[in-house]
Amino acid sequence: MNCRELAVFLSDYLDSELDSETCALLETHMEECGNCRAFYSSFRITVSLYRRLPPEPLPHEHLEELLSFLRGKLLPPSP
Amino acid sequence: MRRESENERDLELVHKARNGDYTAFEELVRRYQPRIFSHCYRMLKNYQDAQDCLQETFLKAYEKLDTFREESSFSVWLYKVATNNCLMRIRKNQSHPEEIHIEDILPRHRHDDLSFEVPDWGADPEKIAINGELRALMDSSVLKLPEDYRAAFLLRDVEGFSTKDTAHILGLTDANVKSRLHRARLALRKQIAPYFSPAAGKEEGK
């Protein structure tokens with residue numbers, strides 16, 4: 001496996017979706033290639049950072065506003 | 001296990017809502033409002049648009065509840081409604097600006113060209129604090145992704161859906177989702193690289 005081939009498999013490797021044979025070839029290449037090790041490490045850091053993002057905050061009163069909007073649209077007006 | 005019991009509870013509420021129990025529908029709204037808002041906001045990066053999309057999503061969900069055939073979880077079905085709303089809104093607003101192609105933001109170097117050294121970002125990912133500067137860079141980088149790549153990335157890596165569920169939400173094959181996800185990750189890595197190594201942008205922009 002060369003550097004270019006390795007780059008194609010990085011997501012599958014990160015997601016543990018690579019077959020064992022390709023996985024072994026990739027790991028052998030990374031042991032020998034500092035650039036690919038650094039590239040994979042930064043690729044993994046990128047994904048990990050995004051996975052750690054907290055949900056976007058929402059003001060508490062927003063739920064009541066949404067429920068009230070939906071009632072207005074979906075329920076018949078009260079007499 | 002938790003997700004399974006959540007799915008079961010969702011289905012209970014869906015069945016009740018279909019039988020005219022409006023409070024059951026409201027419980028579904030309460031359960032999903034923060035997640036769906038967060039997803040819409042990340043897709044659109046505009047508070048008002050995200051709020052409008054959230055409202056449209058639950059309106060449509062109520063009106064189309066009978067079309068939910070339970071082939072997927074309710075969560076997947078609801079995210080499909082929300083994501084489609086976001087994509088339609090983005091495309092509607094996109095009549096004027098130039099279209100962004102993923103190739104424009106993918107690394108331009110050939111990875112087998114070893115004439116440059118890939119900088120080591122060093123840190124253990126779990127120990128990196130997401131401060132304001134990094135957060136702003138991460139947010140703007142996601143926004144630079146073309147919307148179909150952005151949706152695949154957000155659903156898989158931020159919302160945590162499986163490839164299969166993401167494919168169902170986006171109406172794509174598993175292979176297409178994987179390909180978009182991989183290219184989105186490469187593009188994002190390139191976009192945030194200057195934060196970790198100021199030289200990275202220059203070297204990898206070759």
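The following legends describe close-up views of a predicted model. Local features require pLDDT of at least 70 and side-chain atom pairs count only at pLDDT 80 or more, whereas totals for chains, interfaces and linings use all residues. Residues are numbered from 1 along each chain as its sequence is written, and side-chain values use heavy atoms, with hydrogens and water left out.

**View 1. The interface of chain A and chain B.** The contact (heavy atoms within 4.5 Å) takes 44 residues from chain A and 55 residues from chain B. About 4700 Å² is buried between the two chains, 63% of it from carbon and sulfur atoms; buried area is the accessible area (1.4 Å probe) that two parts lose on being put together, summed over both. In chain A, F39(A), Y50(A) and E56(A) lose the most area to chain B, together 17% of what that side buries.

**View 2. A salt bridge between K178(B) and D12(A).** The two side chains meet at 3.8 Å, N to O. Across the interface, 9 salt bridges are found, each a side-chain nitrogen of Lys or Arg within 4 Å of a carboxyl oxygen of Asp or Glu.

**View 3. Positive phi at S16(A) and K45(B).** Most residues other than glycine have a negative phi. S16(A) has a phi near 55 degrees and counts as exposed because its relative accessibility is 68%, the limit being over 50% (1.4 Å probe, protein chains only). K45(B), with a phi of about 55 degrees, is partly exposed at 21%, a class between the exposed limit and the buried one of under 20%.

Key
Chains are lettered from A and ligands numbered from 1 in the order in which they are written.
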